Amino acid sequence: MKRWRAAGRDTPFDGRTVVETSQLGAGYAGMPVVRQLDLRVDRGEIVALLGPNGAGKTTTLMTLAGLLPPVGGEARILGSPPGRRAHLLARRGVALVPEDRGLFPGLTVAEHLRLARPAGPADGDTGGRYAASVVEEHFPELGRLMHRACGLLSGGEQQMLAVCRALATRPAVLMVDEMSLGLAPKIAERLLSVLKRISADQDMAVLLVEQHVHMALDVADRGYVLSHGDVVLQGDASYLRENRAVLASAYLGGVALS
Ligand code: ATP
């Protein structure tokens, strides 16, 4: 593995590869459920992390986000080991949209967005000006729901809010877990296209865990398929899209194919 560039707590990271793991183990209580994971995500790139239920996708995201300690190997995110420092990573530009969305039912849309301070050195944006611009440009529906409690929103509106709140932190790396779960395909496609646009415009890296495999591969640049904690297939999204049989076999059999 290449030498890591050291990154201090508040030092902006200027490397191209923002997520890189080498033989990473991820799991619980010291027991790996993901083994020897070599994964890379560059700026401006969307990488899909795919695989059947229980493959270890969420566990991987939680480890990279600093919510679970690694159980072997190495990982660097924005140049530093994630350790168990989710709050510091968030301040430096790592955003996670968890599978349960992590919203507060009693808080309004506006209150959620007010909490989303852009990452990096303080730029005085305590009033959520950047969040307001993200809403205006990408989620105009939320603009009409600003004073509604989140618990009263539809599933699609809640997911828009969860994604919008993460984007409002202006992340360098966005990790999204099962964004399309329970959503109408049209809304899921719309959210994915927003991620695609922002990733391209702002050089944001996206690590996407998705059950809607083909929808994910339509926006992704590259993909990895995990099965029972091992990478059984990886490649360019176009290759994975065009070789459905290979992809299906990786899902069903978990046999190492390439
Ligand atoms: P899904 O699509 O169902 O969410 P996944 O690929 O995200 O699947 P994980 O949630 O990462 O899979 O789970 C991987 C393995 O880790 C599973 O066998 C699961 O039972 C186990 N696991 C998940 N959470 C815990 C936990 N808190 N403690 C122990 N084992 C866990």
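A residue counts as near a molecule if one of its heavy atoms lies within 4 Å of it. The model is predicted: local features need pLDDT of at least 70, side-chain atom pairs count only at pLDDT 80 or more, and totals for chains, interfaces and linings use all residues. Residues are numbered from 1 along each chain as its sequence is written, and side-chain values use heavy atoms, with hydrogens and water left out.

Around the ligand there are 13 residues, of which G54, G56, K57, T58 and T59 come nearest. By class, this shell has four nonpolar, six polar and three charged residues; Asp, Glu, Lys and Arg count as charged, Ala, Val, Leu, Ile, Met, Phe, Trp, Tyr, Cys and Pro as nonpolar, and the others, Gly among them, as polar.

Polar contacts are pairs of N or O atoms within 3.5 Å. Those below involve an oxygen atom of the ligand.

| Residue | Polar atom | Distance |
|---|---|---|
| G54 | backbone | 2.8 Å |
| G56 | backbone | 2.9 Å |
| Q211 | side chain | 3.2 Å |

On its own the ligand has 640 Å² of accessible area (Shrake-Rupley method, 1.4 Å probe), and the protein covers 57% of that area.

Six of the eight residues of α1, residues 57–64, are buried, so the helix is largely enclosed by the rest of the structure. Buried means under 20% relative accessible area (1.4 Å probe, protein chains only). The buried residues are K57, T59, T60, L61, T63 and L64. G66 follows α1 and has a positive phi, near 80°.

Methods: Buried < 20%, exposed > 50% of the residue type's maximum accessible area, 1.4 Å probe, protein only. Helix = DSSP H or I, 4+ residues; strand = E, 2+ residues; numbered from the N terminus. Polar contact = N/O pair within 3.5 Å; in protein donor to acceptor, adjacent residues only side chain to side chain.
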